[in-house]
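Work through the exercises below with the model open. Try each task before reading its solution.

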Amino acid sequence: GIPEAGLLAQICVDKYADHLPIYRQIKRYERLGMTLNASTINGWLEGINTLLHPLYEALGNIIKRSGYIQADESPIKVLDESKAKAHQGYMWIYRDPVKRLVYFDYQKGRDSSGPIRFLEHFKGYLQTDGYGAYENPQIGGKSGVQLIHCMAHARRYAEKSLDYDKERAEHFLSEVQKLYAIERRIRENDLTDEQILAERQQNAKPILASL
């Protein structure tokens with residue numbers, strides 16, 4: 001076929017950004033008087049993937065050259081055509097919070113093979129939720145990588161401890177609230193990187209040290 005770029009872009013945005021399945025898109029185009037087959041659209045999507053793949057690889061390389069990456073993984077059901085049923089896959093997400101770039105890397109499992117491959121040449125700070133796979137010697141445990149974690153996830157354990165050690169758990173939670181207040185001021189005042197560093201060193205570091 002000879003579809004215009006605008007139509008292809010619309011199909012991609014509808015499917016991947018707005019999660020509108022192909023069969024629903026077909027119904028919508030039928031109301032406009034245009035008949036499209038699923039096989040036609042899927043063929044277009046394969047062609048689009050081929051054209052966009054160099055940009056996808058370039059995006060990953062830009063993020064890997066960053067000195068600070070946030071990583072997480074989310075379960076996703078994937079249709080297995082050979083078995084006519086869905087299996088549990090995982091979408092691994094790598095984010096450069098400074099440049100606000102995000103890279104999605106689908107893997108069939110939650111083992112460490114995916115991040116080992118993607119982060120093979122990464123050097124810098126790697127922030128995760130504490131999932132053990134990131135502590136692999138070839139990921140967060142290798143030379144040149146500083147593995148750091150998330151205060152929101154650490155806070156959850158204090159919440160779970162309220163029934164067992166209320167006094168210390170409440171103290172921890174109140175101190176974390178002070179850290180959140182610092183971060184809120186940073187966002188509200190739209191500070192520069194240098195100002196953020198100074199604010200955290202002056203006000204947040206003593207709180208963390210006391211904890």
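This is a predicted model: local features need pLDDT of at least 70, side-chain atom pairs count only at pLDDT 80 or more; totals for chains, interfaces and linings use all residues.

**Exercise 1.** Find which residues touch the most other members in the largest nonpolar core.

*Solution.* Start with the core itself, which has 15 residues. Ile 69, Tyr 94, Leu 119, Phe 122, Leu 126 and Tyr 134 touch the most other members. Next, look at the elements. β1 (68-80), β2 (85-96) and β5 (145-148) each give two or more residues. The largest share, 3 residues, comes from β2. Another core, of 11 residues, lies apart from this one; Ile 11, Tyr 29, Leu 36 and Trp 44 are among them.

**Exercise 2.** Classify the aromatic pair of Tyr 94 and Phe 118, and state which parts the pair ties together.

*Solution.* Take the distance: 4.2 Å centre to centre. Take the angle: 20° between the planes. Planes under 30 degrees apart count as stacked, so this pair is stacked. Now place the rings. Tyr 94 is in strand β2 and Phe 118 in helix α4 (residues 113-118), so the pair links parts 24 residues apart in sequence. Check burial: Tyr 94 is buried at 0% relative accessibility, and Phe 118 is buried at 1%. Finally, the charged end of Lys 64 sits over the ring of Phe 118, 4.9 Å from its centre.

**Exercise 3.** Classify the pair of Tyr 131 and Tyr 134. Is each residue buried or partly exposed?

*Solution.* The centres are 6.0 Å apart, with 85° between the planes. Over 60 degrees counts as edge-to-face, so this pair is edge-to-face. Tyr 131 is partly exposed, at 23%. Tyr 134 is buried, at 0%.

Note on methods:
Residues are numbered from 1 along each chain as its sequence is written. Side-chain values use heavy atoms; hydrogens and water are left out. A nonpolar core is a set of buried Ala, Val, Leu, Ile, Met, Phe, Trp, Tyr and Cys residues joined through side-chain atoms within 4.5 Å. Buried means under 20% relative accessible area, exposed over 50%, partly exposed in between (1.4 Å probe, protein chains only). Helices (H or I, at least four residues) and strands (E, at least two) are DSSP runs, numbered from the N terminus. Rings of Phe, Tyr and Trp (its six-membered ring) pair if their centres lie within 6.5 Å; planes under 30 degrees apart count as stacked, over 60 as edge-to-face and the rest as tilted. A charge sits over a ring if NZ of Lys or CZ of Arg is within 6 Å of the ring centre and within 35 degrees of the ring normal.
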